[in-house]
Amino acid sequence: MTATASARLAGQVALVTGGAQGIGLGIAERLAREGARIALNVHKLDGRAHAARQQLVDAGADCELFVADVADVANVQHMVAAITASHGRLDLLVNNAGIERRAGALDVSEADYDAVIATNLKGPFFLAQAFAAQARAAGRGGRIVNISSVHEELPFPHFAPYCASKGGLKMIMRTLALELAPLGITVNNVAPGAIRTPINAQLLAQPQQVEALVGQIPLGRMGEPDDVAGVVAFLASDDARYITGTTVFVDGGLLWNYSEQ
Ligand code: BGC
């Protein structure tokens, strides 16, 4: 993975939240390949976190772990300060950390509702706030990419709080794009469809359900983390300098698929 001289993100520092697994780890790997130094946020400093860092380092990445619960505003502010202290700069924020809890609307508990909104919606907002404050103080612009979901548009029965969080993330993204443009900061969402990651562990364990899901995806397969990561790298690159306030769907056509027999 050693970065080449033509690496698009050489010299830049990227914070990827929820980086211990799944899409976050795939994004960190890709951004490192493009030359970025990686501040990898993990929720806990456990074996999985160390393994993720080791995987990146073994592939040639410059990667440091930062522990924080993104749902905790003080934690988030402290983490952003620690990254700028350690790396001297922060150019890119990838708001990837996210959770989902399955429950019918009549059964959703207050605790699950609050947890999903705190991690998926409140966290990205206050991370963006801390990111923008440090960028302004440094006199630099930057890039914010939120990992949203097709469910920022598409209803998902049994996942109402998750849909609320992703729909909200769409409007936070659009609003911040306007507010942060004068600071030279672009803000965009990448909205994955069904990607093969641990968030889908339950579904992946049921072949019939996977088959039914794949049947609804025009490109005929589930996505992989690198399908998402390449789009994040593009949005972080100079080629995307005039893109802000938009969502790129990475879903194999799932969102707009409808057919009648
Ligand atoms: C969810 C997955 C789901 C996919 C497609 C994602 O946002 O995290 O659980 O399979 O959307 O519905």
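Modeller: A contact is a pair of heavy atoms within 4.5 Å. This is a predicted model: local features need pLDDT of at least 70, side-chain atom pairs count only at pLDDT 80 or more, and totals for chains, interfaces and linings use all residues. Residues are numbered from 1 along each chain as its sequence is written, and side-chain values use heavy atoms, with hydrogens and water left out.

Biologist: What covers the buried residues of helix 5?

Modeller: Helices (H or I, at least four residues) and strands (E, at least two) are DSSP runs, numbered from the N terminus. Buried means under 20% relative accessible area, exposed over 50%, and partly exposed in between (1.4 Å probe, protein chains only). In helix 5 the buried residues include P161, Y162, C163, S165 and K166. Their cover includes helix 4 (110–138), strand 5, strand 6 (185–192) and strand 7 (247–250).

Biologist: How far apart are the end C-alpha atoms of helix 5?

Modeller: The expected span of a helix is 1.5 Å times one less than its number of residues. Helix 5 has 21 residues, so it should span 30 Å. The model agrees with that, as the end C-alpha atoms are separated by 29 Å.

Biologist: Is S165 buried or exposed?

Modeller: S165 is found in helix 5. Leaving out residues up to four places away in sequence, S165 touches V116, I117, N120 and L121. Its relative accessible area is 0%, so S165 is buried.

Biologist: How many residues of the ligand shell are nonpolar, polar and charged?

Modeller: Ala, Val, Leu, Ile, Met, Phe, Trp, Tyr, Cys and Pro count as nonpolar. Asp, Glu, Lys and Arg count as charged, and the others, Gly among them, as polar. The shell divides into 4 nonpolar, 4 polar and 1 charged.

Biologist: How much of the ligand does the protein bury?

Modeller: A side-chain N or O atom of H151 is 2.7 Å from a ligand oxygen, and a polar side-chain atom of S149 lies 2.6 Å from a ligand oxygen. Alone, the ligand exposes 310 Å² (Shrake-Rupley method, 1.4 Å probe). Of that area, the protein buries 89%.

Biologist: How far is a polar side-chain atom of N200 from an oxygen atom of the ligand?

Modeller: N200 is one of the residues around the ligand. Its polar side-chain atom lies from a ligand oxygen atom by 3.0 Å.

Biologist: Where is H158 found?

Modeller: H158 is not a glycine, yet its phi is positive, about 80°. H158 is partly exposed, at 38% relative accessible area. Its place is the loop between strand 5 (142–147) and helix 5 (160–180).

Biologist: What distance separates the C-alpha atoms of H158 and A103?

Modeller: H158 is in contact with R101, R102, A103 and G104, setting aside neighbours within four places in sequence. H158 and A103 are 55 residues apart along the chain, and their C-alpha atoms are separated by 4.9 Å.

Biologist: How many of the 12 residues of helix 1 are buried?

Modeller: Helix 1 reaches 17 Å from its first C-alpha to its last, close to the 16 Å expected. It is largely enclosed by the rest of the structure, because of its 12 residues the buried ones number 10.

Biologist: Is E29 buried or partly exposed?

Modeller: E29 is found in helix 1. Its relative accessibility is 26%, so E29 counts as partly exposed.

Biologist: With which side chain does the side chain of E34 make a polar contact?

Modeller: E34 sits in the loop between helix 1 (22–33) and strand 2 (37–42). It is buried, with a relative accessible area of 11%. At 3.0 Å, the partner of the E34 side chain is the side chain of R8.

Biologist: What separates the C-alpha atoms of Q208 and D238?

Modeller: Q208 lies in helix 7 (residues 207–215). At 70% relative accessibility, Q208 is exposed. Q208 and D238 are 30 residues apart along the chain, and the separation of their C-alpha atoms is 43 Å.

Notes:
A residue is near a molecule or strand if one of its heavy atoms lies within 4 Å of it. A polar contact is a pair of N or O atoms within 3.5 Å; within protein, one must be able to donate a hydrogen and the other to accept it, and residues adjacent in sequence count only if both atoms are side-chain atoms.
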